Protein chains: 2
Amino acid sequence: MIVVQSPLHARHDGGMELHRGALVPSFESPDRVDQILRAVSGKWPCIEPRPHAEAELHTVHDPAYVEFLRTAYTRWQADGRDGSMLPSGFPARSLRQDRVPDGINGAMGYYAFDAGTPIVAGTWEAAFAAARCALTAAALVSEGARSAYALCRPPGHHAARSVYGGYCYLNNAALAAQALRDAGRARVAILDIDYHHGNGTQDIFWSRGDVHVTSIHGSPDTEYPYFLGYADETGVGEGAGCTRNFPLPRGTGWDTYAAALEEGMAGLRAFAPDALVVSLGVDAFEHDPISSFRLSSAHFADIGHRIAAAGWPTVLVQEGGYAVEDIGTNVVAVLSAFG
Amino acid sequence: MIVVQSPLHARHDGGMELHRGALVPSFESPDRVDQILRAVSGKWPCIEPRPHAEAELHTVHDPAYVEFLRTAYTRWQADGRDGSMLPSGFPARSLRQDRVPDGINGAMGYYAFDAGTPIVAGTWEAAFAAARCALTAAALVSEGARSAYALCRPPGHHAARSVYGGYCYLNNAALAAQALRDAGRARVAILDIDYHHGNGTQDIFWSRGDVHVTSIHGSPDTEYPYFLGYADETGVGEGAGCTRNFPLPRGTGWDTYAAALEEGMAGLRAFAPDALVVSLGVDAFEHDPISSFRLSSAHFADIGHRIAAAGWPTVLVQEGGYAVEDIGTNVVAVLSAFG
């Protein structure tokens, strides 16, 4: 196992989020990475990402969206503002989705889908660095490594082709999967075990037959992101049958979770991927402050073994997990199964 | 002029809104009504609304949406929460808009389009009372009054058939217009002079040829609600040509505003309505804290005279206006032209 991480993640700090009717410091905080680094360093070699070009982001994101992310905070400051950027209006039902407003407030709402994903001065630098971590981990696996772990922060799986939200700006896992495809792996699978549905990843590969997306998560009926991740979503066109969702009820424990994981893995085995990307959120943990599943650290080790047993070359990409004290332990529990 | 108002507006109080990245007490506050009442009482008779039934709301709103509004706060409390309800995820681009999540958090996001429109314990009572004010004012005009003023709070013009936002929950102006239609007025016009585009009103009558909607407002390129109110929106089907938008740039002064008003009035005269509903926001005022136009109180008197000169039976419905000290003066300036 090789760990890829960048200290630039720390530039994304100080943001506030709207959570259950109150403005609070973002649960997605820099000390998450500090804890994970403490747990993995010494166990595995840690490297910084290679200098991937911004143009590589266009393999899964719209160029205009990338340009928005890169320039957003400067535009916000030019408008006389400071602090963290949070949009206050969205192109939801009954409103136009075909036009990006000229001003920064409207543009921010156009590209976002929640009020919980702040943009601060260092967000772009951190998000781009996280994307480079994922791209470098994918390159290592393309070059023959059995596995590599991208310690991405901010996370990525809620970011769609041109939409950010859920603490995510650039879809690190999707970038890794596409990089594996571009390096010649004909069939790539993504297994998303974050507590929240990976709506962005699903959106990006929705009509693709070469990238299979399986997600196990809290039911969107009650859990964020609410508007994607139901069981009846299975892909369209060439992608028909290549999306599978396992929404599970609040309070789900290990037996139910393990059964869903087995069914998901069976689907992936039938797809027979040449490489796997794991969206590794550890917020299904029993003590996570914003989730409801009841998995223990031992269960995360079990998850790791079940995934590693398939034997596919694997890129693991860090997603969520907000029980900061235990996040390192839970990540290591999964990674250890890959040797 | 008869004024219709309800003390129940005060039940909608204490809400917080996300404004430019910070959580602040809602600009749409109960003292707005206190100031207006102080200015109009003594000048005109003030009455309370008649007991209109909830079913009358279904003339312009989906029943499931009305049910959501009526039960939202109780559901929020049943989920163990208090304070003001603000959604944190929306069915914006790349997400499903065809399914209402079972849980209150997802349902709230489904029905909302911003994080600036709090629901508190008394919101439903206040919104329903405001709707009754508008319906009663429409009834008075249907019965022969030259004009009537509904002192509605919360306002309504951002509320669409099944969407709330922009401080608005039930579309008071649309309810008044539909009530005039149902009482036999064949052609009804709505003139919206609030600083912000009346996206909800436009949505409700978008394909209707019997209700003409004209709005003069800050350009959505830079002003809320960002995603509707551009000049190229003119209606569809039987409603083709029955929507007209006059988006004006930030800092617009009287000359430009008056020219747009004249052009808008010319369009309404061509439509030849049997009755008029005015969405009366006074936030085009030069000292409004969240707007940018430069109209004075004298200009509001001028606006009143230009509208009243058309001679149509008129229902005036209170919308926005957040320069609380001057709101009464500006409202009276418009109303006085109607005698």
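Which side chains meet in a salt bridge of 3.1 Å, N to O? They are those of B:Asp221 and A:Arg99. The model is predicted.

**The interface**

The rule finds six salt bridges across the interface of chain B and chain A. It also finds 18 residue pairs in polar contact there, both residues at pLDDT 80 or more. On the side of chain B that touches chain A, the elements giving two or more residues are strand E3 (22–25), helix H3 (104–111) and helix H6 (199–205) of chain B. H3(B) supplies the largest share of that side, five residues. The classes on that side of chain B are tabulated here.

| Class | Residues on the side of chain B that touches chain A |
|---|---|
| Nonpolar | 25 residues |
| Polar | 13 residues |

Chain B gives 49 residues to the contact, and chain A gives 49 residues. Between them the two chains bury about 4,500 Å², with 58% of it on carbon and sulfur atoms. In chain B, the most area is lost to chain A by B:Arg93, B:Arg96 and B:Phe227, together 21% of what that side buries.

**A:His196**

A:His196 sits in the loop between strand E6 (188–192) and helix H6 (199–205) of chain A. A:His196 counts as buried because its relative accessibility is 9%, under the 20% cut-off. Its side chain makes a polar contact of 3.3 Å with that of A:Asp283. Beyond its neighbours within four places in sequence, A:His196 has contacts that include A:His157, A:His158, A:His217 and A:Tyr224.

**Helix H9 of chain B**

H9(B) covers residues 324–335. It reaches 17 Å from its first C-alpha to its last, close to the 16 Å expected. Nine of its twelve residues are buried, including B:Val324, B:Ile327 and B:Leu335. Among the elements covering the buried residues are helix H1 (31–40) and strand E5 (147–150) of chain B.

Key
Residues are numbered from 1 along each chain as its sequence is written. Chains are lettered from A and ligands numbered from 1 in the order in which they are written. This is a predicted model: local features need pLDDT of at least 70, side-chain atom pairs count only at pLDDT 80 or more; totals for chains, interfaces and linings use all residues. Side-chain values use heavy atoms; hydrogens and water are left out. Helices (H or I, at least four residues) and strands (E, at least two) are DSSP runs, numbered from the N terminus. Buried means under 20% relative accessible area, exposed over 50%, partly exposed in between (1.4 Å probe, protein chains only). A polar contact is a pair of N or O atoms within 3.5 Å; within protein, one must be able to donate a hydrogen and the other to accept it, and residues adjacent in sequence count only if both atoms are side-chain atoms. Contact means heavy atoms within 4.5 Å. The expected span of a helix is 1.5 Å times one less than its number of residues. Buried area is the accessible area (1.4 Å probe) that two parts lose on being put together, summed over both. A salt bridge is a side-chain nitrogen of Lys or Arg within 4 Å of a carboxyl oxygen of Asp or Glu. Ala, Val, Leu, Ile, Met, Phe, Trp, Tyr, Cys and Pro count as nonpolar, Asp, Glu, Lys and Arg as charged, and the others, Gly among them, as polar.
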